[in-house]
Amino acid sequence: MSEGNASPPVLELRNVSKTYQIKQGMFGERKPLKAVNDVSLSLQRGDVLGLVGESGCGKSTLAKILLGLEAPTSGEVLVDGEPIGAQNRRLLARRIQPIFQDPYSSLNPRKSIRDIISLPLRVHGIGDSASQDKAVREILDVVGLPSRVMNSYPSQMSGGQRQRVAIARALIMKPEVVVCDEPTSALDVSVQSQILNLLGELRREFGLTYLFISHNLAVVEHLATRVAVMYLGRIVEEAPVGALFDEPRHPYTEALLASVLTPEPDLGVPDTHLGATYPNPIEPPTGCHFHPRCARVMERCKGVAPQLTSDGEHSVECHLYGQESGQAVA
Amino acid sequence: MTRTADTLLEEIQGPTPGQMLRKRVFGHQGLLFGVAVLGLLLLVAIFAPLLAPHDPYAQDLLARMQPPVFLGGSWEHPLGTDHLGRDYLSRLIYGARISLLIGGFAALISGLIGTAMGVAAGYFGGRVDMAVTFLINVRLAMPVVLVALAIVAVFGGSLQVVILVLGFLLWDRFAVVMRSSTLQVRSREYVTAAQAIGCSTSRVILSEIMPNIVNNLIVVVTLEMAHAILLEAALSFLGLGVQPPTPSWGLMVSEGKQMMLFEPWLVAIPGITLFVLVLAINLLGDGLRDVTAPENRS
Ligand SMILES: Nc1ncnc2c1ncn2[C@@H]1O[C@H](COP(=O)(O)OP(=O)(O)O)[C@@H](O)[C@H]1O
Ligand code: SF4
Ligand SMILES: [Mg+2]
């Protein structure tokens with residue numbers, strides 16, 4: 001994958017941060033909430049980057065930044081090497097499309113399936129209505145829906161069918177990157193695997209690049225080529241999927257993996273057995289943000305924030321692997 | 001490909017939202033009654049020149065205050081005549097025009113103002129929202145009737161002045177309801193999806209948000225229409241609304257009030273029509289709310 005001067009990554013984040021100012025109480029002062037804190041990531045064409053972390057760690061905020069729906073407070077997002085700040089939103093829309101979590105909320109209940117799926121074509125003025133209809137029929141077939149659903153409404157469809165419609169809408173303009181924000185979390189367990197399989201097939205068929213967000217490691221295991229683990233706005237570990245599952249380094253990744261091995265990992269938020277609850281992101285813990293919940297916490301973790309260390313493909317942000325500590329205690 | 005097989009098993013079930021709406025509309029008696037009465041009054045107003053047996057302005061001082069037929073009057077004046085001998089039925093028929101014109105245009109003007117403000121506040125939030133909320137509070141601090149009285153007293157009463165005054169005073173409920181409806185809908189993922197597709201802000205608002213809040217808008221339109229009609233009647237009753245000899249129902253009540261003890265029907269007839277019109281509009285609004293609400297739940 002890293003062949004020196006290959007083409008630039010399809011998608012690259014450079015030191016991206018997003019800080020919300022949260023007002024507490026009626027006259028309370030505004031406090032900064034670092035929803036995304038200095039994140040750098042890159043996706044090569046055809047990659048599926050799984051982004052995993054508990055609810056509230058900043059995954060959706062990161063997705064919105066990629067889609068150009070939120071401006072980062074600092075840092076840069078590059079698509080094919082070009083910063084998206086400079087790109088027209090409409091051009092960006094043709095390259096990056098989202099699939100959201102809740103198919104009951106992501107389809108406008110007042111519109112027919114035809115209108116929903118053809119909206120991107122109409123907004124971008126692609127083709128006339130006959131060719132748009134044809135494109136809708138084709139994409140419906142691709143996502144496994146019969147073309148007669150064109151005249152149906154979202155309320156007449158099941159969750160899985162709706163999510164297929166959302167996928168069709170995302171793919172109809174042949175984007176390069178699809179940002180899937182928890183695309184199966186709201187679906188029945190039996191339907192989840194159908195949608196995951198479909199996303200896998202589509203990726204192969206169209207050479208798509210995915211950012212696949214989930215709070216559950218088990219969901220990304222079969223689809224992802226790389227996995228990034230996020231905690232309180234930071235990427236604490238990133239590795240190829242095999243390496244991450246076989247030899248996780250960060251204690252948080254270990255805890256997430258342990259939770260995947262519980263009998264029914266698909267049901268809701270994984271129980272991380274982490275004891276202490278998820279911290280308040282407005283007042284994150286000092287030093288390593290994870291230290292109050294870490295099973296292997298050391299004295300210096302409480303005061304000093306760990307630096308990112310990387311051996312080629314596998315990077316981690318933890319004092320256990322820091323240069324200063326020298327040896328890995330894995 | 002096997003993909004198709006998966007979902008063909010699950011059939012598309014149930015009627016379309018349009019079919020469901022139609023079914024609920026025809027099962028709602030209040031709504032049907034409201035539509036029927038309002039439709040009838042609308043036809044009466046439009047075809048007033050054809051329906052009215054007499055010129056509503058024509059005085060006949062020899063035939064003053066003749067009683068309606070059911071009180072022993074003649075069919076020449078089915079609802080009798082007023083203190084100037086004008087045919088009461090004809091004035092009532094032309095009065096429907098005034099009430100509906102004022103109700104309709106006042107609701108249209110205030111609806112445009114209030115919807116624009118409310119939707120902008122809900123969609124953009126932040127400073128826009130603060131400014132709109134401030135304006136709403138300023139408006140709510142003003143007593144409508146007193147302000148209307150003052151303006152009409154200064155500029156004189158006429159149909160246009162009354163419409164403008166009410167239109168610029170009654171937008172508060174539109175703004176409040178549209179603001180909260182927009183807030184609710186704007187965070188739905190289909191709005192985010194439309195933004196990610198590259199839709200312009202106006203397209204997102206008009207095509208994604210408005211269709212999902214228009215039912216609330218219609219309910220407020222009916223409320224404010226009834227409100228404006230009653231206010232016009234009140235202003236006219238106080239002599240500060242539309243001016244005589246215009247046949248307004250409020251004015252008819254006012255003109256009849258001196259004779260109320262001897263000829264109570266002079267007040268009762270326009271009073272009852274006013275009541276029926278406002279009742280019909282309110283039933284229509286209630287019915288529309290009932291009929292359109294279930295779709296929001298899914
Ligand atoms: N528009 C916003 N304003 C203020 N805070 C926000 C906003 N969006 C998200 N947040 C906060 O940022 C943090 C990350 O949220 P989010 O990205 O939705 O997390 P995730 O998708 O991982 O569950 C949360 O603490 C959330 O409360
Ligand atoms: S830096 Fe310390 S507290 Fe943080 S994860 Fe590593 S060992 Fe645990
Ligand atoms: Mg999220």
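1. The second largest cavity, elements. In chain B, helix 5 (88–124) and helix 12 (249–256) each supply at least two residues of the lining of the second largest cavity. Helix 12 of chain B has the largest share of that lining, with 3 residues. The structure is a predicted model, and the points below should be read with that in mind.

2. The second largest cavity, residues. The volume of this cavity is about 50 Å³. Its lining is made of B:Asp82, B:His83, B:Tyr88, B:Arg91, B:Met252, B:Glu255, B:Gly256, B:Met259 and B:Leu266. Sorted by class, the lining of the second largest cavity has 4 nonpolar, 2 polar and 3 charged residues.

3. The largest cavity. The count of cavities of 30 Å³ or more comes to 3. The largest cavity has a volume of about 80 Å³. It is lined by 14 residues, and those nearest its centre are A:Cys288, A:Cys294, A:Cys301, A:Cys318 and A:His319. The lining of the largest cavity divides into 10 nonpolar, 3 polar and 1 charged.

4. Ligand 2. This ligand sits in the largest cavity. The residues that surround ligand 2 include the cysteines A:Cys288, A:Cys294, A:Cys301 and A:Cys318. The histidines A:His250, A:His291 and A:His319 also belong to the surroundings of ligand 2, as do A:Pro251, A:Phe290, A:Arg296, A:Pro306 and A:Leu320. By class, the shell around ligand 2 holds 8 nonpolar, 3 polar and 1 charged.

5. The largest pocket. The volume of the largest pocket is about 500 Å³. Its lining has 31 residues, of which A:Ser60, A:Thr61, A:Lys64, A:Glu70 and A:Asp181 are the closest to its centre. In terms of class, the lining of the largest pocket consists of 13 nonpolar, 10 polar and 8 charged residues.

6. Elements of the pocket. Which elements each supply at least two residues of the lining of the largest pocket? They are strand 2, helix 1 and strand 7 (177–181) of chain A, together with helix 10 (189–197) of chain B. The lining of the largest pocket therefore includes residues from both chain A and chain B, since lining residues have an atom within 4 Å of a grid point. Helix 1 of chain A gives the most to this lining, with 5 residues.

7. Ligand 1 and its shell. The largest pocket is where ligand 1 sits. This ligand is surrounded by 13 residues, and the closest are A:Gly56, A:Gly58, A:Lys59, A:Ser60 and A:Thr61. In chain A, strand 1 (11–23), strand 2 (30–43) and helix 1 (59–66) each supply at least two residues of the shell around ligand 1. The largest share of that shell, 3 residues, comes from helix 1. The shell around ligand 1 divides by class into 6 nonpolar, 5 polar and 2 charged residues.

8. Polar atoms at ligand 1. A:Gly58 has a backbone N or O atom that lies 3.1 Å from an oxygen atom of ligand 1. For A:Lys59, an N or O atom in the side chain is 2.9 Å from an oxygen atom of the ligand. In A:Thr61, a polar side-chain atom lies 2.5 Å from an oxygen atom of ligand 1. The pairs at A:Gly58, A:Lys59 and A:Thr61 count as polar contacts because the cut-off for a pair of N or O atoms is 3.5 Å. Of the 560 Å² of accessible area that ligand 1 has on its own, the protein covers 65%.

9. A backbone point in chain B. What kind of peptide bond joins B:Pro244 and B:Pro245? The bond between B:Pro244 and B:Pro245 is cis, with an omega of about 10°. B:Pro245 is found in the loop between helix 11 (201–237) and helix 12 of chain B. Helix 12 of chain B is also the element with the largest share of the lining of the second largest cavity.

10. A backbone point in chain A. A:Lys174 is not a glycine, although its phi is positive, at about 50°. This lysine is found in the loop between helix 5 (159–171) and strand 7 of chain A. Strand 7 of chain A is among the elements that each supply at least two residues of the lining of the largest pocket.

How values were computed
Residues are numbered from 1 along each chain as its sequence is written. Chains are lettered from A and ligands numbered from 1 in the order in which they are written. This is a predicted model: local features need pLDDT of at least 70, side-chain atom pairs count only at pLDDT 80 or more; totals for chains, interfaces and linings use all residues. Side-chain values use heavy atoms; hydrogens and water are left out. A residue is near a molecule or strand if one of its heavy atoms lies within 4 Å of it. A polar contact is a pair of N or O atoms within 3.5 Å; within protein, one must be able to donate a hydrogen and the other to accept it, and residues adjacent in sequence count only if both atoms are side-chain atoms. Accessible areas come from the Shrake-Rupley method with a 1.4 Å probe; for residues, only the protein chains shown count as cover. On a 1 Å grid over the protein atoms alone, a cavity is a set of points where a 1.4 Å probe fits but cannot get out, and a pocket is an open set with protein on both sides within 12 Å along at least five of seven lines; lining residues have an atom within 4 Å of a point. A molecule sits in a cavity or pocket if more than half of its atoms lie within 2 Å of its grid points. Ala, Val, Leu, Ile, Met, Phe, Trp, Tyr, Cys and Pro count as nonpolar, Asp, Glu, Lys and Arg as charged, and the others, Gly among them, as polar. Grid points are joined across faces, edges and corners, and a volume is the space filled by probe spheres set on the points.
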